[in-house]
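Please consult the sequence and structure shown next.

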Amino acid sequence: MLDQAFEALKTYDWGTDRNVLNPIDEAVIATREDAAARRELEDRLVAVLEDDVSHSAKDFVCRTLMSMGTAASVPALAGLLPSAEYSHLGRYALERIPAEEAAQAMRESLEELPNPLKVGVISSLGARRDERSVPALGALLGDADPAVATAAARALGGIRSAAAAQALTAAEPDAPEARLAVTDARLACAEALLAAGDRTAALAIYRGLTGEDQPAHVRLAATRGVLACAGG
Amino acid sequence: MSHSCFEQSAARIVPTVGVGLFMGAAFFFAASGYALENGGESGETAAAAEDGELVSMILLLLGDADRQMRALAYEQIRNQAPGPAATRRFATQLDKLPPEGQVGLLAALTDRGDTAARPAVIGLLEEGPADVQVAAVRALGPLGDTSDVPRLVALLSHDSQAMRSAAQASLVRLGGSDVTVALVRQTASADAQGLATIFDILVERRAREAIPLLLFAAICDDPALRRPAMQALEELAGPGEIPGMVRGLLAAEPGSEREAAERCIAAVCARIEEAGAQAVPLLAVVEKAGAADRTVLLSVVGRVGGPRALKAVEAALGEEATHAAALRALCNWPSADVAPRLIELVESDLPSEQRIAALRALIRVAPLPDQRSDDARLALLTRAMAMAARDEERRLALDRAKAIRTVESLRFALDYLDHDQYSEHACQTVVELAHHRGLRDAHEAEFHAALNRVLETSEDATVQARATAYLNNETWVRPE
C-alpha cells in the first residue's frame, strides 16, 4: 500500500483523488514510535522533493515533513528556499522542524535570497522564536528595503526576548512602516519581559515610548505598560 | 499644594517612570492652574512602595491633556492600587480638577466602591456644576452610608430629573443593614409623592423589613398612599402578609383602586409554589370575615383561582346574597379550568347581563395557554363564538383568536371576513397571525391568499400596511 502511494505521488497533481496518498499519512502515524521506520519514510519523502514531480506533490511532501521532519530533511528543504515557486513550501516546513539545523539553514539563506523571498524566511525565523537569529535580524532592521526592515522588526517582536528588545532599541529605520513595526515589536518585547518577571527591562522599553514625540496610541500603550510595571 | 511641591514630587518619580509622560503632565498642570496633591500622606507610609509609585503616576495621568490618558487613569482607579490610602489620595484630587475631570473621577471612584472616598464626595454635593453634583450624588450609592439617607431623600424632590434619578439610584444601592430603618424614618416627613418613591426604593432594595410600614400605609386614609403601598407589597409580601393586604383591599375605594389591590393580592398568592394551594391563605382570611367583607373578597378569590377557590365560589354562587359577587369571581378566573362552569352559566336561565358576563369570561379564558392543545383551545373559542348572540362578543372572540397561533385560527377568522360587522376585526386577526413569520412561512400560500383578501377588505391604513409588508416578506415594526 505504501509503495503504491509513493508511486502515485510521482504523478499526483491538482484534481487527483487525494485518498491515494492516505497510506503515507497512515505511515506517519504508524512510525511514531519506530525511529528506523520513520527515518526510512522521511528519506523516501525527501527523495520525492528531488524528483521532477508536480507542485501539488511537493506541497504534500513539505506539509508532511512539517509534522515529522528532522535534520535529515533540512538540506532538501533548504534547497527549495531560493525557488520563487517552492520557497514558501520549504520555509513552512523548516519553520516547524525542531532541529537547530532548520533555523541555521534559514539564517544562512538570508544573504543569498532576493528580498521578496527573504521577507518570508525572516518571518519564519520570527515565528520560530529563534533567539540565535537576533543578530542577523537586528542587522536587517537597517535594510534599505522597507519590506525587509519591517519583516525583521516583526520577527524580533515575535522572538520577544531581552536580546530582541536590545536590537530593536538601537534601530532607527528610515521607512515609516518599518518605524511603526519597530515600535510595535518593542511593545511586544516589553509585554513578554514583564510577563516573565523582568520588570526593569520592560520598564526601560516602555519609558522610551512615552515621549511626546510618539504617536498618541503608542504613548497610551506605553503608559499602560509603565503603570503595569508599577503594579497596575 | 503649590506647583513647586508638585514638581518636587514629580522629580522624585521621574527617574523611575520616564521623562516624557511626566513632562507632559507637568506642562498640563502648569498651564491649567490645577494643583496636584502628589506627596505621600503622613501615616500612610505603610502603603507598599510599588502602590505608592503607581498612585503617583495615576494622579499625574488624571490631569493629562489627552482624554485617552485620563481614561487610562480612570481605568486604573477602578481596578488597581487597592486600599483606602490610595483611594483617599485619588479622592483628594476631586476639588482640584476641572468639571469634566471631576465627573470622570467620581464615576471611577463609584466603580472602585471604596467608602474611603466618601468625605471628598460629600464636599461636591452642593457646589459646582450640576453634572458634577449629579455624579457626586450617584457616587454616594456605593460610597455612602446610613447617615446619607436624609440628604438623599431630600434630593428626591429636587427640581432636576437627573438629580432625582441619581438620588433614587443611590438610595437603592446604599449599603448598610440599617438603611431601611433610616428610610422608614424619612417617611414621617415625606409627602405622598415622596412616599411613593421611597416605597419604590424599598421594593428595589427588597427590604422586607419595611413590610409593616407598607401594611400600615395600605390602610391609611390617603388613596395616593394606599395604592403604591399595595404595589410595593405585591413585590415584597409573602403568604403571611395576605391578611394585612386584605385589610388594604377592604380599605380601597371600589373601582380601579380596588381592582389594582386585588391584582396585587393575586400576584402574591400566585407565588405560592404548592400546586392548588395558591388560594389557601386568602380563603383562611375570607372564612373569618364578616358577610359584607366576604362578598367583597369573592372577587379576589376568583382572581387567584384553583380548585379550593372554585369550591368557595361555587358555594357563594348558590346563595342569593353572594350570587352576583360569586359570578364576578368566576368571570375573573385566571385559567380555563372554569370553562365548563362558565358554559353552564351561559346556557342557564340567569339574567342576560349575567349570561353575557359569563360568555365574555369564557371567550377570555378559552385561548389562555395551558396544557391543552391548540386545537382544544380553538375548539372552546369556536364554541363560545357559537353561543354568542351579539356582535360585541363575536368581535371579542375574533380578537382572542390572535392568541392561538395556528393556521386553523386563520381559517376561523377568514370565515368572518366577508361580514361587514366583523370584517375589520377578522382582518386584524389575520395580520396579527401573519406577523409570526414561522407560522406564515409554513403556510405561505394560505397566508398570501388571506392577506390579499385583507387588502381588498380592510379600510384601516395600518392593517393594510401590515398586510402589504407581510406579502412582501418584510418585517413590520410595531409602533412604540
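A crossing is left-handed if the near helix is turned anticlockwise from the far one by less than a right angle, and right-handed if clockwise. Helices (H or I, at least four residues) and strands (E, at least two) are DSSP runs, numbered from the N terminus. This is a predicted model, in which local features need pLDDT of at least 70, side-chain atom pairs count only at pLDDT 80 or more, and totals for chains, interfaces and linings use all residues. Residues are numbered from 1 along each chain as its sequence is written, while chains are lettered from A and ligands numbered from 1 in the order in which they are written.

**Helix pairs in chain B**

- With that definition of handedness, α11(B) passes α12(B) in a left-handed crossing.
- The axes of α11 (residues 179-186) and α12(B) approach within 10 Å and cross at roughly 165°; axes are lines fitted to C-alpha atoms, for helices over the stretch in contact, and angles run from 0 to 180 degrees between N-to-C directions.
- The helices α11(B) and α12(B) are therefore roughly antiparallel (angles under 35 degrees count as roughly parallel, over 145 as roughly antiparallel, 65 to 115 as roughly perpendicular and the rest as oblique).
- T180(B), L183(B) and Q186(B) of α11(B) make the contact with I198(B), I201(B) and L202(B) of α12(B); two residues are in contact if their C-beta atoms, placed from the backbone, lie within 7 Å.
- By class, the contact of α11(B) with α12(B) comprises four nonpolar, two polar and no charged residues (Ala, Val, Leu, Ile, Met, Phe, Trp, Tyr, Cys and Pro count as nonpolar, Asp, Glu, Lys and Arg as charged, and the others, Gly among them, as polar).
- Helix α14 (residues 223-236) and helix α15 (residues 242-251) of chain B have axes that come within 11 Å and cross at roughly 150°; α14(B) and α15(B) are therefore roughly antiparallel.
- The crossing of α14(B) past α15(B) is left-handed.
- On α14(B) the contact involves R226(B), A229(B), M230(B) and L233(B), and on α15(B) it involves M245(B), G248(B) and A251(B).
- The contact of α14(B) with α15(B) has five nonpolar residues, one polar and one charged.

**Buried helix faces in chain B**

- In α15(B), the residues I242(B), M245(B), V246(B), G248(B) and L249(B) are buried (a residue is buried if 20 or more other C-beta atoms lie within 10 Å of its own, exposed if 12 or fewer, and partly exposed in between, with C-beta atoms placed from the backbone).
- Viewed down the axis of α15(B), these buried residues fall within an arc of 155°, so they line one face of the helix; the arc is that of the directions from the helix axis to the C-beta atoms.
- The cover over the buried residues of α15(B) includes α13, α14, α16 (256-270), α17 (280-288) and α18 (291-304) of chain B.
- Helix α25 (residues 407-414) of chain B has S409(B), L410(B), F412(B) and A413(B) buried.
- The buried residues of α25(B) lie within an arc of 160° when seen down its axis, so they line one face of the helix.
- Among the elements covering the buried residues of α25(B) are α23 (374-387), α24 (391-400), α26 (423-434) and α28 (444-457) of chain B.

**Positive phi values in loops**

- R129(A) has a positive phi of about 55° although it is not a glycine, and sits in the loop between α8 (115-127) and α9 (134-140) of chain A.
- R129(A) is partly exposed, with 15 other C-beta atoms within 10 Å.
- R206(B), also not a glycine, has a positive phi near 50°, and belongs to the loop between α12 (192-204) and α13 (211-218) of chain B.
- R206(B) is exposed, with 11 other C-beta atoms within 10 Å.
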